[in-house]
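Biologist: I would like to go through this model and ask what backs each label. Please keep the answers brief.

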Amino acid sequence: MRITWLLLCALLTVFAIGGCSSEDPSKYPELSSSYEETSADVGCGSKYSDDMKEDFFNRVFKNHWMTWRGTVVLASSDDASLNLDGKGTQDLQVEFADDHAGYFLEKGEVITVRFVMKTMGGCILPFSGEYATILK
């Protein structure tokens, strides 16, 4: 009986911490905003106050499917960072839906990714997304 109770407590803890996600990315809407447009609205190029940028990002961009093209700066099996404007370093960091999608990527390679936007980028940190797939 004690082992059953401990197992139940352990399972509830895992689910409470995030072991079970209810997020369904297929239900998110598509947004055709380019990197340049998005950056001008809420990124490094924006003239808005930080609070206004955050509100605008959460309302318009967050949890939307986006498709951007860029040069691979960093890559691993499960994520990649891309330079989208040819300046500086990474502008977008994505986690792939398939944990091995980035395995064959090479630094300097130009790819197009479709992803769900998750966090706002700025002058220092890149935009970030999840559920990314590489489009051929």
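## Labels and their grounds

Modeller: Threonine 38 is buried, at 0% relative accessible area. This is a predicted model.

Biologist: Why is threonine 38 called buried?

Modeller: Buried means under 20% relative accessible area. Threonine 38 has 0%, so the label holds.

Biologist: Where does threonine 38 lie, and what is it in contact with?

Modeller: Threonine 38 belongs to helix 2, residues 35-42. Beyond its neighbours within four places in sequence, its contacts are Ser33, Gly43, Phe61, Met66, Trp68 and Phe127.

Biologist: What makes methionine 52 partly exposed?

Modeller: Its relative accessibility is 45%. Methionine 52 sits in helix 3, residues 50-61. Valine 42 is 10 residues away in sequence, with a C-alpha to C-alpha distance of 8.6 Å.

Biologist: And why is cysteine 44 called partly exposed?

Modeller: Cysteine 44 has 41% relative accessibility. Exposed needs over 50%, and buried needs under 20%.

Biologist: How far is cysteine 44 from glycine 121, in sequence and in space?

Modeller: They are 77 residues apart in sequence and 7.4 Å apart in space, C-alpha to C-alpha. Leaving aside neighbours within four places in sequence, cysteine 44 is in contact with Ser39, Gly122 and Cys123.

Biologist: In what sense do strand 3 and strand 5 pair?

Modeller: Parallel, over four bridges. Strand 5 spans residues 127-135. Valine 94 is opposite glycine 129 of strand 5.

Biologist: What makes strand 3 mostly covered?

Modeller: Four of its five residues, 92-96, are buried.

Biologist: Which residues touch the most other members of the largest nonpolar core?

Modeller: Trp68, Leu92, Phe115 and Met117, in a core of 20 residues. Helix 2, helix 3, strand 1 (65-75), strand 2, strand 3, strand 4 (110-119) and strand 5 each supply at least two of its residues. Strand 4 gives the most, with four residues. In soluble globular proteins, nonpolar side chains tend to be buried together.

Biologist: What is leucine 92 in contact with, its neighbours within four places in sequence left aside?

Modeller: The partners are Trp68, Ala80, Ser81, Leu82, Leu84, Val113, Phe115, Pro126, Phe127, Ser128 and Gly129.

Biologist: What share of the protein chain is buried?

Modeller: Buried residues make up 32% of the 136 residues. The chain exposes about 8,800 Å², and carbon and sulfur atoms supply 57% of that.

Biologist: What share of the contacts between residues at least 6 apart in sequence joins residues at least 24 apart?

Modeller: The share is 57%.

Key: Residues are numbered from 1 along each chain as its sequence is written. This is a predicted model: local features need pLDDT of at least 70, side-chain atom pairs count only at pLDDT 80 or more; totals for chains, interfaces and linings use all residues. Side-chain values use heavy atoms; hydrogens and water are left out. Buried means under 20% relative accessible area, exposed over 50%, partly exposed in between (1.4 Å probe, protein chains only). Contact means heavy atoms within 4.5 Å. Accessible areas come from the Shrake-Rupley method with a 1.4 Å probe; for residues, only the protein chains shown count as cover. Two strands pair if DSSP finds at least two bridges between them. A nonpolar core is a set of buried Ala, Val, Leu, Ile, Met, Phe, Trp, Tyr and Cys residues joined through side-chain atoms within 4.5 Å.
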